Amino acid sequence: MAGVALRRADAPGDRPGALRRLVSVVLEPYYYVGPGLILIGLVMIVPLVVGVGYSFQNIQILNPFKTGWVGLQHYRTLLQDAVFWHALVNTLWWTFGSLTIQFLLGLGLALLLAEPFPGRRLVQALIFVPWAVPSFIAGLAWAWLFNPIIGPLPHWLAAIGVLATPDNILADPAIAMWGPITANVWWGIPFFAITLLAALQAIPGEMYEAAAIDGAGPWMRFVHVTLPFLAPTIAITVLLRTIWISNFADLIVVMTGGGPANTTQILPSYIFTTAYRKLDFGYAATISMALLLLLFLYSAALIRLRRNLRSTT
C-alpha cells in the first residue's frame, strides 16, 4: 500500500513526460508523411494558386508595360473566344475517341493475354513497349508515318480504298484529328491492357467453373462474371485515363501544332500556344482554369455515379 501511495504521489511529477510521449506518438505519423506533403504542396498547390492569380492579371511578355490586375476581364474574353469553344469541342472529340478505342482494344488484349499460350510473357513485354516510348518521340514517328512523301500510311490507306489519293492526312481539316487520335491510341493501349490483365488474373477460377456448370456460355460468363469483377478497375482506369488524355497535348503539338486552321486544336494545346507562342500567360492561365473546372465536374459526376451504382447493388 505504501508503494502504491508513493507511485500516486509521484504521478503528478510524471505528467509532463507522459504528455510529451503522448504528443510524440500522435505526431509520429506526420513525421513520415511530412516531407511528402511539403513536396506535394510545392509541386501542386503552389502552382495552382499562382495559376489562379495569373488568370486575374494581364501578363504579356511581349508587352511588359501593359500589366496589372484585370479582374474578370480574361473570363469575359474567354466566353466570346470562338477558338476556345472550338478547342473545347475538339477536346471532347479527342478524349472520347481516344479513350473509347484505347479501352476496347486494351480490354481485348487483356482477354487474349489472360489465356495461356506459348510466348505469352514475350507478348506482354512487347505490348508494354509503346507506353515506354516518350510522347515527343511517338509524335515525331507518327508524323513521319502519316507523311505522304516519306511515310507509308497514306499509300497503304489509298491502296485499300480508305483514301482516294495518298494525301497528307494531317493537312486535311476533315480528317486531321484522326492522325493524333491514332497515335494516342497506339501510345495508350498498354495502360488498359496491363491494368485490366492484372484485374482479370485476380478473378477466382471457381467463378467461371460454377457459371459453366450452370450452363453459361462464353458471352454470359463475360457479362455476369468478368465485367462485374472488372467494374472497379474499369471505373478508376477510365477516370484516370480521361483526365490524362484531356490534359495530353504532346502528340497534337508535335504532329499538327493545332492546325490546320485550329481543326486539331484542343484546350491543352491552346494553352500551350497562348502561353509559349503568344507569350500571354494571363489568358493561358484563364483557359487552364476553365479546363480544371471541366475536369473537376467530370470527376465529381463519375464518382457520384459510381457511389450510386454501389448503393443500388
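Let me start with Thr286, which sits in helix α13, residues 281-312. Keep in mind that this is a predicted model. Is Thr286 buried or exposed? Its relative accessible area is 0%, under the 20% cut-off, so Thr286 counts as buried. Setting aside residues up to four places away in sequence, Thr286 touches Ser55, His74, Tyr75 and Leu78.

Next, a helix pair. Two packed helices are described by the angle between their axes and the distance between the axes. For helix α3, residues 82-113, and helix α8, residues 178-201, the axes come within 6 Å and cross at roughly 40°. That angle makes α3 oblique to α8. The crossing of the two is right-handed. As for what lines this contact, its residues comprise 21 nonpolar, six polar and no charged.

Now the cores. The largest nonpolar core has 40 residues, and those touching the most other members are Trp94, Phe146, Phe192, Leu196, Leu251 and Met255. At least two residues of this core come from each of α3, α6 (135-146), α8, α10 (218-246) and α11 (250-255). Which helix gives the largest share? That is α8, with 12 residues.

Take Phe192 from that list. Leaving out neighbours within four places in sequence, Phe192 is in contact with Leu99, Gln102, Phe103, Gly106, Leu197, Thr237, Val238 and Arg241. There is also a second, separate core of 14 residues, with Leu88, Leu267, Ile271 and Ala290 among them.

That is all I have; questions are welcome.

Terms used: Residues are numbered from 1 along each chain as its sequence is written. This is a predicted model: local features need pLDDT of at least 70, side-chain atom pairs count only at pLDDT 80 or more; totals for chains, interfaces and linings use all residues. Side-chain values use heavy atoms; hydrogens and water are left out. Axes are lines fitted to C-alpha atoms, for helices over the stretch in contact, and angles run from 0 to 180 degrees between N-to-C directions. Helices (H or I, at least four residues) and strands (E, at least two) are DSSP runs, numbered from the N terminus. Angles under 35 degrees count as roughly parallel, over 145 as roughly antiparallel, 65 to 115 as roughly perpendicular and the rest as oblique. A crossing is left-handed if the near helix is turned anticlockwise from the far one by less than a right angle, and right-handed if clockwise. Ala, Val, Leu, Ile, Met, Phe, Trp, Tyr, Cys and Pro count as nonpolar, Asp, Glu, Lys and Arg as charged, and the others, Gly among them, as polar. A nonpolar core is a set of buried Ala, Val, Leu, Ile, Met, Phe, Trp, Tyr and Cys residues joined through side-chain atoms within 4.5 Å. Buried means under 20% relative accessible area, exposed over 50%, partly exposed in between (1.4 Å probe, protein chains only). Contact means heavy atoms within 4.5 Å.
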